[in-house]
Amino acid sequence: MSPVLSEADQKGETVVLLLVHQRNRELLSEWLSRHFTVETPTDGALPDSFDLCLFDLVTLRKYHGELERRKAESTPVFLPYLMVMRERERSQLSDDIWDLIDDRVIIPTSQAELGARVSTLLTARWQSLELQELREHEVGTAHAFTESALRAMPDIFYVFDTDLELMRWNDRLAAVAGHSSDELDGFDLTDLVVEDDREALENAFETVLVGGGTVRVESTLVTEDGSEVPYEFTAARLTDPDGECLGIVGVGRDVTDRAVRRELARQNERLERFASIVSHDLRNPLTVANLNLDLGRETGDDEYFEKVERALTRMNDLIEDVLALARKGQVVGEAEPVSLRTAAETAWSSVQTDGATLEVADGQLLLMADDSRLHDMLMNLFRNSVEHGDGTVTVTVGPIDRFGFYVADDGQGIPEKEREKVFEYGYSTSEEGTGFGLAIVRSIAEAHGWQVDLGESETGGVRFEVTDVEFANGGDLPSADDVEGEPGDDEPEETAPRDIRHASDGGDDEEGDDGADATGDDAPVEDAAGP
């Protein structure tokens, strides 16, 4: 008898025989074993793998569930089933049996017919296996291409599941973060950014998960060596073919160059403001001084020379304030513990107070700050209150729980609609003010990472609140003995009452104020020196 398949076509296939009739099982086993490996299970267990299964109606009913499972598991590779049956059994075959079998042989039959059906089914299986190998190769090639592209990306790539746990990432993320693949598995990206940015990043990702769309969020990423790098993270909803949300996919891009450009833009803006001051604000008092100097020479009247002096004083104030902003406005030195009370009393002594009073609330705060810059900040706040008081203004300094401190007075206050304007460069409601004092205050606060806001005090005056402050003692209020430089240290005790009254001219005027604690319209610069 001719072989079922030619030797060139045989591939070591395994055929399982599940036949109840012993004689049929023996005949088929002897014949098929010439070409294939034949398995005839006797203990009820099918082999782990096979290429063709022959069964009759009785064994089909016995193994029906197992055969269904094996066929489903092999998909998309074809696993053929051949049923050996008698003609009278045709009526006993239900639809689920017809769905399971791939071909049938009516016995008695010839070896040629049976061989042809076996060959057809095995050929179909080979083609299915080859097609699957081709698909896997294509998928593998595509996967390798994708992996190569992700490795070459200069940006961070990531995929998060719906719980915002890291599922997929490229080598760039591991390199920047300094974590191994094992460490990154299930990682939360928010753990890679500074603490202050985590909530905003989480909220943005949650928004995409719920509502879809795309978001971009800038956050500061902490690298392996502890460096902080500005990054822009994008997030888009990732779905399966049925539209079911799988998570988030996105990239993170180093935007250091963008941050540098922004800083340069801010610097250029400040330069333009300074140029405007030089060309306009300084020219006005200079014109007034020249005019009154000529009149003074002609008439010899001291009044004109006094106006020249006032104009020159205003020019000096403007120059000092501009230099303060240009040199130090955005810069602070190394932060160190500074007593708020000591800083307030020292700054107060540098201001011409004209009979005003300073009150420092009970307790001490140790701020982490640049002592010199904090002094400048408080001095400008105090000058603002004093110059717009009625000569008896009281300025109070105290803590705001564990968040910061406040500076308040009992003066006239500022209308709510005007409060944001007072921080602008050159804004002033006073003829004597330069309009830079509170701009300096905000610049110093921002350089420390603080937030400064303006509101109303309990007495209707102004109340400046400085928040987001870091405390050297965690925000607790220590006793005076715990504060460096206070009585009880090695240095001799100095008397510094909390209520300080000065009627003297005060100390050096390092930086100007913006004269904000008043209502009314700005007076023209020319009026500062008179007509």
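User: Why is D182 called exposed in this model?

Analyst: In this predicted model, D182 has a relative accessible area of 73%. Exposed means over 50%, so D182 is called exposed.

User: What makes R373 and D376 a salt bridge?

Analyst: The closest N and O atoms of R373 and D376 are 2.0 Å apart. The rule asks for a side-chain nitrogen of Lys or Arg within 4 Å of a carboxyl oxygen of Asp or Glu, so R373 and D376 form a salt bridge. The two residues are separated by about one helical turn, because they are 3 residues apart in helix α12.

User: How do you know whether R373 and D376 are buried or exposed?

Analyst: Buried means under 20% relative accessible area. R373 has 3% and D376 has 1%, so both count as buried.

User: Why is R463 called partly exposed?

Analyst: R463 has a relative accessibility of 23%.

User: What makes helix α13 mostly covered?

Analyst: In α13, 10 of the 12 residues are buried, among them L438, I440 and V441. The helix covers residues 437–448 and reaches 17 Å from its first C-alpha to its last, close to the expected 16 Å.

Conventions. Residues are numbered from 1 along each chain as its sequence is written. This is a predicted model: local features need pLDDT of at least 70, side-chain atom pairs count only at pLDDT 80 or more; totals for chains, interfaces and linings use all residues. Side-chain values use heavy atoms; hydrogens and water are left out. Buried means under 20% relative accessible area, exposed over 50%, partly exposed in between (1.4 Å probe, protein chains only). Helices (H or I, at least four residues) and strands (E, at least two) are DSSP runs, numbered from the N terminus. The expected span of a helix is 1.5 Å times one less than its number of residues.
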